[in-house]
Amino acid sequence: MFAQPSARAPEVSRTSQPVPLDPSAPLARDPGRFAGLEWTFVRIKYSAWTIPGPRFGSPYDEPWAIDYPAAEMNLSRRVRTVTAITVGEPIVLTLEDPRLWLHPWIYIVEPGNLRLTEAEVSILREYLLRGGTLTYDDFTGPIEWANLEREMKRVFPDRRIVDLEPAHPIFSCFYRLDRYPQTPGLGSFLMGRTWEKGGYIARLRAILDDQSRPMVLINWNTDMGDGWEWSNAEEYPGYVRFTADAYRMMINEIVYALTH
């Protein structure tokens, strides 16, 4: 357990040096460009302020486990198929698990429910400053945003959250995307809309390190996890166009994180 940042903690593991990217390429057609990189979908199990006491149901009913395990299984298969990245089997960790340092990318779903412990605040700060990337997904509207912003202020009191616009190379490092997609949750899609809880406009936001690397990627007002989870559901044929964008954007985010 880390009560505070420790000089003895290892650097976040990477298996190759960053690969220069051509932002003008519409799609990476040289699969060898990513040979030697390794990636595992690491879902972080966290405590939710919306669940104040012990629960008697399955732990997989809690916010941290939304879309588990179909979302990560489907995304992992897609990354394995379209890139030369070596993809591990998806895992679930807590921030206090020492195996955290073996993985350069972690995922937290529904951070509108997130409540970090003091120990987790210190660990997450060190993990990110040592080269790790955290992706937030599946939260919408001003109330859930306020909770995410409050928790990240505990991690980085002096760092701003910024918007990443389509001109940023993260939008063209593998697939070329001219806009940030809004993937509706399946429930919203079935009601004929792409938004919920007042989250009308989808945005990719970030917290940058001292070298301007996005170490926290924030997918706000979008539900990419539902896009991956339901991408194989034949009973929702109209949903396919949203799942395709969810795969493309997240693969770009993963490629960018692994190569920067």
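Trainee: Is leucine 116 buried or exposed, and what is its relative accessible area?

Mentor: Leucine 116 is buried, because its relative accessible area is 4%. Buried here means under 20% relative accessible area, exposed means over 50%, and partly exposed lies in between, with a 1.4 Å probe and the protein chains only. Before going on, note that this is a predicted model, in which local features need pLDDT of at least 70 and side-chain atom pairs count only at pLDDT 80 or more, while totals for chains, interfaces and linings use all residues. Residues are numbered from 1 along each chain as its sequence is written, and side-chain values use heavy atoms, with hydrogens and water left out.

Leucine 116 sits in the loop between β5 and α2, the latter being residues 118–129. Helices (H or I, at least four residues) and strands (E, at least two) are DSSP runs, numbered from the N terminus. Apart from its neighbours within four places in sequence, leucine 116 has contacts (heavy atoms within 4.5 Å) with Leu95, Val121, Leu124, Glu151, Arg154 and Val155. Take valine 155 from that list: it is 39 residues from leucine 116 in sequence, and the C-alpha atoms are 9.2 Å apart. Across the protein, 75% of the contacts with a separation of 6 or more are between residues 24 or more positions apart.

The loop between β5 and α2 also holds glutamate 110. Glutamate 110 is partly exposed, because its relative accessible area is 21%. Its phi is near 50°, a positive value although the residue is not a glycine. Most residues other than glycine have a negative phi, and most peptide bonds are trans. Another positive phi, of about 75°, belongs to aspartate 67, again not a glycine. Aspartate 67 lies in the loop between β2 and α1 and counts as buried, because its relative accessibility is 8%. Proline 69 is found in that loop too, between β2 (42–44) and α1 (70–82). The peptide bond from tyrosine 68 to proline 69 is cis, with omega near -5°.

Now to strand β5. Rings of Phe, Tyr and Trp (its six-membered ring) pair if their centres lie within 6.5 Å; planes under 30 degrees apart are stacked, over 60 edge-to-face, and the rest tilted. A search of the whole structure finds 16 aromatic pairs. One of them joins tryptophan 39 and phenylalanine 41, edge-to-face, with 6.2 Å between centres and 75° between planes. Both tryptophan 39 and phenylalanine 41 are buried. The pair of tyrosine 107 and tryptophan 228 is tilted, because its planes meet at 50°, with the centres 5.8 Å apart. Tyrosine 107 is buried, at 1% relative accessibility, and so is tryptophan 228, at 0%. One aromatic cluster takes in Trp39, Phe41, Trp105, Tyr107 and Trp228.

As for the whole, the protein has six helices and nine strands. Of its 260 residues, 53% are buried, and leucine 116 is among the buried ones.
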